Amino acid sequence: MVNKKFDVVIVGARCTGATLAVYLAREGVSVLLIDKDELPGDQVLSTHTIHPPGIDILDEVGIGNAIREACPPSRIIRLNKNGNSVDVMHAEGRAEYCPRRKRLDRLLQEAALKEGVELLDRTRLIKLEIGNDRVAGVRAINSNTNQELVFTAGLVVGADGRHSSVAQMAGAAEYLAYDAPRAMYWAYWNAPEIWKTGSQYPFDMYQGNTSGDIRVIFQTDYNQLLIGSLPPVEKAQSWRFDPLRSLIADLSSDPVTAPLIEGLSPDGKVRGTIKERYFFRQGAGPGWVLAGDAGHHKEFVIGDGITEALIQAKRLSKAILEGSDMALVKWWRARDVEAMPLFYFGQDEGSLKQPGHLDKLVLKHVDKEPELKKKLALVMEHKLSPFDFIPASIVMKWVMADVLRGRFSVIPDFFAKGRRASFVNGQIKRSRKLLAEANASI
Ligand SMILES: Cc1cc2nc3c(=O)[nH]c(=O)nc-3n(C[C@H](O)[C@H](O)[C@H](O)COP(=O)(O)OP(=O)(O)OC[C@H]3O[C@@H](n4cnc5c(N)ncnc54)[C@H](O)[C@@H]3O)c2cc1C
């Protein structure tokens, strides 16, 4: 029995799904959003900093100011590798914000409802309906009533996260995938006075890699700090038994995080995830398309998943409005071209390799050169590839100056980075070719 017909059914009602629903509904598309969770609900397994281009999308959706009212802006971001640091500053009027997912997702869901979208929570996709050799709707079950519901639709969007049921049911192939080398554990502490007044904290956000141990500080809503650690997966196995003790011991061993938690208990429980996988998936097929984490999941160390999900939602809405399967294939190929640089950058930043001599040299120079700092901020703005932000000729000059001072150890790092950049650029070229082929087809 068909319960109702929609132009588009979106499975997953969080940052990707709810945002896409807003853009589509504004263009007169009838949209049903379903989510297996009871909403509004927290999503435990994600920290939540959003880069400025993600905030631009929230402004378009109409919830940017609500986020700004709830969270402090983070304009100065300290990146630290083995004690060498650079404070990247976003341009005037640009900042990161780090709202709890419960707040962000609820605001997005409310925005979708305001645009006339139908939203069913506690409603889990159990089967894709097929008609004329294409996906033609969804069968779902409501956990409250135990009732099965069938909705037909011209298009089903999988915005159902990294363990996407839509991807699995549609048989979307995975590529460039690898298992995460790091786990992540974090908790929330009331921001202590020292965070606001201490001279050792002239920044609003922190990410440090000390001898391979990565730790982060994000200022978030409720005047709290999200402080987390990203231990290697193997080390994290033992954290499972007592995450609070393990996290506190880890953060207490770092001179940047220790003073912020000294003598203080976190508010609420420690959250964490050990087993993650990063990938791209085939993005579209007859009657279906994947968006956000469902189609592409990358290292959380660069905190870009939500920003990318929001940007993807806007772009995908345009492809959907074109109304053809081919437009969705083109969207998928363009998604890959866009995503490749940060995917590989995340892979490098999250790797278990310790920061090397070249990292130290680059941070030292970037910290001294305002123009390069500005360019680094453009990477977080999605305007510049991290592999292009310093021309190789300039790095070469820095390396030669070090070599002339007898510091030869930087040479192997320099050549390794060069090989990596050419591999990544090769992958980007390959994905551009696939996009060009898609664009050339009728
Ligand atoms: C440890 C960790 C830290 C992270 N930190 C950051 C960060 O600081 N900044 C950042 O930008 N990104 C971060 N990310 C990435 C970010 O969480 C994701 O990119 C983002 O949540 C993707 O949003 P989404 O809407 O695509 O999927 P999700 O947020 O995962 O939402 C998917 C929704 O689909 C629903 N769903 C799933 N299956 C079904 C089904 N069968 N039927 C109905 N509904 C279903 C789920 O209930 C869920 O509500 C982090 C990720 C991890 C793992």
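Helices here are DSSP runs of H or I with at least four residues, strands are DSSP runs of E with at least two, and both are numbered from the N terminus. Counted that way, the protein has 15 helices and 18 strands. Its radius of gyration (taken over C-alpha atoms) is 22 Å, close to the 22 Å from the globule rule for 442 residues, so the protein is as compact as a globular protein of that length. That rule is 2.2 Å times the number of residues to the power 0.38.

Before you dig in, keep in mind that this is a predicted model, where local features need pLDDT of at least 70 and side-chain atom pairs count only at pLDDT 80 or more, while totals for chains, interfaces and linings use all residues. Residues are numbered from 1 along each chain as its sequence is written, and side-chain values use heavy atoms, with hydrogens and water left out.

**Overall build**

- Taken along the principal axes, the C-alpha atoms fill a box of roughly 75 × 55 × 40 Å.
- Buried residues make up 54% of the 442; buried means under 20% relative accessible area, exposed means over 50%, and partly exposed is in between, with a 1.4 Å probe and protein chains only.
- Of the contacts (heavy atoms within 4.5 Å) with a separation of 6 or more, 73% are between residues 24 or more positions apart.
- The accessible surface comes to about 19600 Å², and carbon and sulfur atoms own 53% of it; these areas come from the Shrake-Rupley method with a 1.4 Å probe, and for residues only the protein chains shown count as cover.
- There are 58 positive and 54 negative charges, and their mean positions are 3 Å apart. Lys and Arg count as positive and Asp and Glu as negative, leaving out His and the chain ends, with each charge placed at NZ of Lys, CZ of Arg, CG of Asp or CD of Glu.

**The nonpolar cores**

- A nonpolar core is a set of buried Ala, Val, Leu, Ile, Met, Phe, Trp, Tyr and Cys residues joined through side-chain atoms within 4.5 Å.
- The largest one has 48 residues, and those with the most contacts inside it are Ile-10, Leu-58, Leu-104, Leu-108, Val-157, Leu-316 and Ile-320.
- Several elements each supply at least two residues of this core, including strand S1 (4–11), helix H1 (15–26), helix H4 (101–114), strand S8 (148–158) and helix H10 (305–322).
- Another core, of 47 residues, lies apart from it, and has among its members Val-86, Val-379, Val-395 and Val-424.
- Leu-104 is worth a click: leaving aside neighbours within four places in sequence, Leu-104 is in contact with Cys-15, Ile-50, Leu-58, Ile-63, Ile-67, Pro-99 and Ile-306.

- Most residues other than glycine have a negative phi, and most peptide bonds are trans.
- The peptide bond from Leu-39 to Pro-40 is cis, with omega near -5 degrees, and Pro-40 sits in the loop between S2 and H2.
- Asn-82 isn't a glycine, yet has a positive phi of about 50 degrees. You'll find Asn-82 in the loop between strand S3 (76–81) and strand S4 (84–89), where its 35% relative accessibility makes it partly exposed.
- Arg-122 also has a positive phi of about 50 degrees without being a glycine. Its spot is the loop between strand S5 (118–120) and strand S6 (123–131), and with a relative accessible area of 26% Arg-122 is partly exposed.

**Single residues to look up**

- Thr-220, in strand S12 (residues 213–220), is buried, at 0% relative accessibility. Not counting residues up to four places away in sequence, Thr-220 touches His-48, Pro-72, Cys-98, Pro-99, Arg-100, Tyr-188, Leu-225 and Leu-226.
- Thr-220 and Trp-189 are 31 residues apart along the chain, with 9.8 Å between their C-alpha atoms.
- Ala-177 belongs to strand S9 (residues 174–179) and is partly exposed, since its relative accessible area is 29%. Beyond residues up to four places away in sequence, Ala-177 touches Arg-277, Tyr-278 and Phe-279.
- Ala-334 is part of helix H11 and counts as partly exposed at 28% relative accessibility. From Ala-334 to Asn-439 is 105 residues in sequence and 9.7 Å in space, C-alpha to C-alpha.
- Met-396 is in helix H14 (residues 392–404), partly exposed with a relative accessible area of 39%.
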